[in-house]
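Here is a short report on a pocket and a charged pair. Please keep the sequence and the model open while reading.

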Amino acid sequence: MTIAQDIMSKKIITIETTSSVTEIAKIMNKNNISCIVLTENEKPCGIITERDYLSKIVAQNKKASDLSPTQVMSSTFITVSADTLVDKVAQVMLENKVRHVVVIDKGHPIGIITITDFLKHINTIIIDSDEYSKDLYESIFEEHEYWDRQ
């Protein structure tokens, strides 16, 4: 069975909530990533995504320098353990209507899973599954574009 650790992106960046929103945007741009995990005292507490910037800053005509990371971060912050089955990860994403799930090991983020990670690894998921959940993956690929969050 394929687990979260098998399909996650290991390129994950964390930053303390004391950083500026502008600094976070620059780090995301420099590293070509769609989100960054926020931490307080090195513990994950939230996530800021490109969609958060669009919906909470750009669309509302606000200045990034006037906001703190906690004002911009997604209110829904979903984590899974590294050994969570990918079918369960997909189900969690569908139920919570989120595009990013942070993979945690011993309380620390070690990776991130997005819709793209499912697409990259769909052949492995299908081959490695006893009962491939075709409907589950069709739903996640079709529904993600309509989700308001993340």
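This is a predicted model: local features need pLDDT of at least 70, side-chain atom pairs count only at pLDDT 80 or more; totals for chains, interfaces and linings use all residues.

Residues are numbered from 1 along each chain as its sequence is written, and side-chain values use heavy atoms, with hydrogens and water left out.

The largest pocket holds about 420 Å³ of space. Its lining counts 24 residues, and S34, C35, H100, T114 and T116 are the closest to its centre. A pocket here is an open set of points on a 1 Å grid over the protein atoms alone, where a 1.4 Å probe fits, with protein on both sides within 12 Å along at least five of seven lines; lining residues have an atom within 4 Å of a point. The volume is the space filled by probe spheres set on the points, which are joined across faces, edges and corners.

β2 (35-40), α3 (50-58), β6 (108-114) and α6 (115-120) each give at least two lining residues. α6 gives the most, with four. Helices (H or I, at least four residues) and strands (E, at least two) are DSSP runs, numbered from the N terminus.

**Salt bridge**

The structure has one salt bridge. K56 and D52 form it, at 3.5 Å, N to O. The cut-off is 4 Å, from a side-chain nitrogen of Lys or Arg to a carboxyl oxygen of Asp or Glu. Both residues sit in α3, four residues apart, about one turn of the helix.

| Residue | Relative accessible area | Class |
|---|---|---|
| K56 | 22% | partly exposed |
| D52 | 4% | buried |

Buried means under 20%, exposed over 50%, and partly exposed in between (1.4 Å probe, protein chains only).
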